[in-house]
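User: Please go through the model below, one question at a time.
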Amino acid sequence: MLKYVRVVTAKATAKEPIWSYSVMDNQTTDTSTHLHYDHTDSCKDSRWTARECYEFMYNNRPWQKVHDFYLNLVNGRLPLQSLLGIHERSSFKDTSVQLAAKSLEACEEVELVDGKKKNRTGRWARTTYKIVLSYHGDSFDGWQKQPGLNAVQSVVERSIGSFIDDFKAQKLKEKSLPLEACVSVAGRTDKGVTALSQVCSFFTWRNDIKMQDLEDAINSVSPGKLRAVSASKVSRDFHPNFSAKWRRYFYIFPILDLENEGIESDKNEENSNFKEQQSELKIGSVSVEEKDDCSVLNVENGVECRNKPRSFSVERVNQLLLQLEGKSLSYRMFARDTKASRSTGPPTECFIYHARATEARLPFVEEVYGNDNKGQKVMCVELIGNRFLRRMVRVLVATTIREAAAGADDEALLNLMEATCRRATAPPAPPDGLCLLDVGYEDFNPANTLIR
């Protein structure tokens with residue numbers, strides 16, 4: 001099903017992205033050899049290249065509408081349920097609060113009543129505080145703090161710096177460092193990724209902190225962009241990352257108007273054209289033919305069609321994702337920026353509890369409360385797993401869309417698990433559509449899923 005072919009490429013220039021590959025003139029002196037992943041299944045000619053995937057995902061798509069919708073969710077002006085067709089106004093409550101209440105029930109405060117531990121000092125005397133955050137991804141440079149960037153972690157640590165104990169405050173003052181707390185988080189999000197119930201925690205030896213004061217300190221820093229959903233005391237053993245049992249990600253992909261009609265028929269027609277064009281090529285030679293505005297390049301017995309499917313079926317995406325449910329698989333081919341030492345073995349294995357896709361429309365505030373105007377048509381993807389690798393969700397969404405458009409078999413994603421080159425998967429989808437919905441600290445309950 002899958003193999004490698006050796007392709008000679010010219011050094012990438014400023015105008016040509018590094019992920020594009022082509023055969024250059026033999027007179028080019030500055031060349032290098034790359035191992036390019038080649039699919040050998042029946043739909044290989046209709047599968048997008050990395051360049052074409054990038055252009056399909058990023059170019060001319062109304063991502064600003066997705067940003068605006070997420071901003072309404074962060075501010076509590078819209079519930080997430082309105083996206084999925086729940087229009088009863090009486091059921092509209094703060095979605096972030098609802099999700100936080102469900103997923104964090106297992107992390108209520110645990111008092112140590114054992115006499116041997118109750119009066120201990122040191123780490124046993126400290127108090128751990130859990131904070132649930134909601135923030136707009138397009139307003140920050142990701143979670144992790146970095147010099148010169150407006151990261152969520154930097155903002156949160158500065159805002160709660162006044163709640164640290166006197167000993168630590170004195171140490172920071174002696175080192176001429178700003179008064180900041182040290183915050184742990186359930187999962188770091190990239191730049192542009194929104195979170196509705198991000199969980200973080202910090203500890204201090206002060207036990208006189210009021211929860212409302214914590215929330216007010218965070219809410220006053222970036223109003224409308226960052227919000228503290230809740231704050232509470234938890235067990236000293238609680239860690240937002242290591243204590244989590246599952247995480248839920250949600251991806252919204254806008255669909256263009258020209259893609260709304262004739263998805264299946266267009267795809268079948270285009271695939272039939274590819275077979276006709278492939279039969280007209282001369283085996284073993286390099287030639288370019290023009291037929292119905294389609295450029296076909298034959299290189300080393302391979303075929304590259306310029307005019308490929310420009311639409312996909314949401315139902316087909318859902319069928320491909322269903323194959324991942326209930327399986328523990330290595331997603332190393334869907335990870336990015338992962339060190340080589342972490343690219344093999346159990347560190348890359350993830351268990352996906354729930355993977356579904358559905359079609360919806362982005363609602364407006366006016367539409368939800370009485371206006372019948374239709375919003376932007378989108379595809380929604382819900383993924384719930386015990387853990388996710390770096391950029392895994394974005395690569396998985398982009399690759400699934402690519403395979404659905406190409407008409408790949410149901411086992412397409414499972415076959416990619418056995419690949420040994422990450423070029424077999426698509427470039428990451430835009431971060432604009434990704435949202436960390438919530439983090440669960442109790443056993444996963446299938447009844448709490450949004451897309452069924």
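User: Where is Arg391 placed?

Analyst: This is a predicted model, in which local features need pLDDT of at least 70, side-chain atom pairs count only at pLDDT 80 or more, and totals for chains, interfaces and linings use all residues. Residues are numbered from 1 along each chain as its sequence is written, and side-chain values use heavy atoms, with hydrogens and water left out. Helices (H or I, at least four residues) and strands (E, at least two) are DSSP runs numbered from the N terminus. Arg391 lies in the loop between strand 13 (377–385) and helix 11.

User: Is Arg394 buried or exposed?

Analyst: Arg394 belongs to helix 11 (residues 392–406). Buried means under 20% relative accessible area, exposed over 50%, and partly exposed in between (1.4 Å probe, protein chains only). Arg394 has a relative accessible area of 7%, so the residue is buried.

User: How are helix 1 and helix 11 oriented to each other?

Analyst: Axes are lines fitted to C-alpha atoms, for helices over the stretch in contact, and angles run from 0 to 180 degrees between N-to-C directions. Helix 1 (residues 50–58) packs on helix 11 at about 100°, with the axes 11 Å apart. Angles under 35 degrees count as roughly parallel, over 145 as roughly antiparallel, 65 to 115 as roughly perpendicular and the rest as oblique. Helix 1 and helix 11 are therefore roughly perpendicular.

User: Is Asn60 buried or exposed?

Analyst: Asn60 sits in the loop between helix 1 and helix 2 (63–74). Its phi is positive, about 60°, although Asn60 is not a glycine. With a relative accessible area of 71%, Asn60 is exposed.
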